[in-house]
Amino acid sequence: MSAEASSRPGKASVSTVAIVGGGVIGAGWIGRYLHRGADVRVFDPDPEAERKISDVLANAETAFEMLYGVAPVKGTLSYHSDLADAVAGAAIVHESVPERLDLKQRVHAEITGAAGPDTIICTSTSGLLPTKIQEGLDQPGNLIVAHPFNPVYLLPLVELVAGQQTAADVMDRAAKIFDAVGMKPLKVRKEIDAFIADRLLEAVWRESLWLVKDGIATTEEIDDAIRYGFGLRWAQMGLFQTYHTAGGEVGMRAFIEMFKPSLHWPWTKLMDVPELDDALIDAIADGVEEQARGMTARDLERQRDKNLVGILHALKANNWGAGTLV
Ligand SMILES: NC(=O)c1ccc[n+]([C@@H]2O[C@H](COP(=O)([O-])OP(=O)(O)OC[C@H]3O[C@@H](n4cnc5c(N)ncnc54)[C@H](O)[C@@H]3O)[C@@H](O)[C@H]2O)c1
């Protein structure tokens, strides 16, 4: 093996991948696999899909080069006008169509009808139960949730959730494939709505909507509260380990002792959800436009990717957390 080959990031352990739905998430999956040598077959009925995917792949390629210091050795990318044609011969399929149960069920009926008996079939759903998506399928056994995070080509986490009809070995087989493409498969022990990460994010999102609605903070002030403070901590130690360090020499037990009473104070709106009426939507959408200071969404994506690569490099230098996967 040449020095260059040995320094290359993990090669995909599957040769052929099918992507059904090539929007924000589907395009991210394409970048993740294509740049690790897999052949990727895409089905998306949007006539603009190819152009949009190309834009994301250009960003993904730049991010790969920044992260690893080498250009990716790419597989081949093909677009198919027929779902069954795209899925044929794939070792793994990622469905990333819009978050509607009826649509997902319809699309998975088509996918399972076209896929081979050993093909792993993943849904990117952000929180729908896999058991619900499996309802009515002739062959539900290979279906599993593989919930990624945007941008999929850079962020390693993928939550794996089995449904009641998922065959026993599918989660482990899927985890091996994700390990090989530099991801961190997190096997969710129980099937619950929104899994782990989106339950957390939903709570923060809900509280943030209240803060805007009640006129307490702008979108920028809330983002600053995250990115100048606890957001930096979260990226490297998460929540519990961070709080362990917040309890001084005693650690977590002292932290709990100090903050136990606050859980009974009105610090949180808990489960109330503010109505997303026009006024609130305007406040949020106008707020983020103002924050962007003229940068387009694609400009912001590129800035985000540069920042993420820097964080991953710093974590790698410390042999810590997500940096251990680079
Ligand atoms: N956006 C996120 O941050 C994020 C993160 C994790 C998971 N997800 C999940 O990923 C899935 C896709 O979300 P997204 O943000 O990429 O949405 P998106 O709207 O960007 O992309 C959806 C794509 O699916 C295509 N599509 C629609 N109907 C289709 C069909 N019948 N067959 C094939 N393709 C079809 C659309 O043309 C579009 O390109 C959702 O389940 C969502 O919950 C989203």
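1. How much space lies in the second largest cavity? About 40 Å³. A cavity here is a set of points, on a 1 Å grid over the protein atoms alone, where a 1.4 Å probe fits but cannot get out. Its volume is the space filled by probe spheres set on the points, with grid points joined across faces, edges and corners.

2. A word on the basis. This is a predicted model, in which local features need pLDDT of at least 70 and side-chain atom pairs count only at pLDDT 80 or more, while totals for chains, interfaces and linings use all residues. Residues are numbered from 1 along each chain as its sequence is written, and side-chain values use heavy atoms, with hydrogens and water left out.

3. The second largest cavity has a lining made of Gly 31, His 35, Arg 36, Ala 60, Ala 63, Phe 64, Leu 67, Tyr 68, Tyr 153 and Leu 154. Lining residues have an atom within 4 Å of a point. Helix α3 (residues 49-68) contributes the most, with five residues. Helices are DSSP runs of H or I with at least four residues, strands are runs of E with at least two, and both are numbered from the N terminus. By class the lining holds seven nonpolar, two polar and one charged. Ala, Val, Leu, Ile, Met, Phe, Trp, Tyr, Cys and Pro count as nonpolar; Asp, Glu, Lys and Arg as charged; the others, Gly among them, as polar.

4. The whole structure holds two cavities of 30 Å³ or more.

5. Now the ligand. It is surrounded by 23 residues, and the closest are Ile 25, Asp 44, Glu 99, Lys 104 and Ser 126. A residue counts as near if one of its heavy atoms lies within 4 Å. The shell has ten nonpolar, nine polar and four charged residues. Its largest share, three residues, comes from α5.

6. A polar side-chain atom of Glu 99 lies 2.5 Å from one oxygen atom. For an N or O atom in the side chain of Lys 104, the distance to a ligand oxygen is 2.6 Å. Ile 25 uses its backbone: an N or O atom there lies 2.9 Å from an oxygen atom of the ligand. Taken alone the ligand exposes 820 Å², and the protein buries 73% of that. These areas come from the Shrake-Rupley method with a 1.4 Å probe; for residues, only the protein chains shown count as cover. Elements giving two or more residues to the shell are α2 (24-34) and α5 (101-114).

7. Helix α2 is largely enclosed by the rest of the structure, because nine of its eleven residues are buried. Buried means under 20% relative accessible area, exposed over 50%, and partly exposed in between (1.4 Å probe, protein chains only). Among the buried residues of α2 are Gly 26, Trp 29, Ile 30, Arg 32 and Tyr 33.

8. His 147 is in strand β6 (residues 143-147). It counts as buried, at 3% relative accessibility. Its side chain makes a polar contact (3.4 Å) with the side chain of Asp 198. A polar contact is a pair of N or O atoms within 3.5 Å; within protein, one must be able to donate a hydrogen and the other to accept it, and residues adjacent in sequence count only if both atoms are side-chain atoms.

Note on methods:
1 Å grid on protein atoms, 1.4 Å probe; cavity = no way out; pocket = protein on both sides within 12 Å on 5 of 7 lines; lining within 4 Å.
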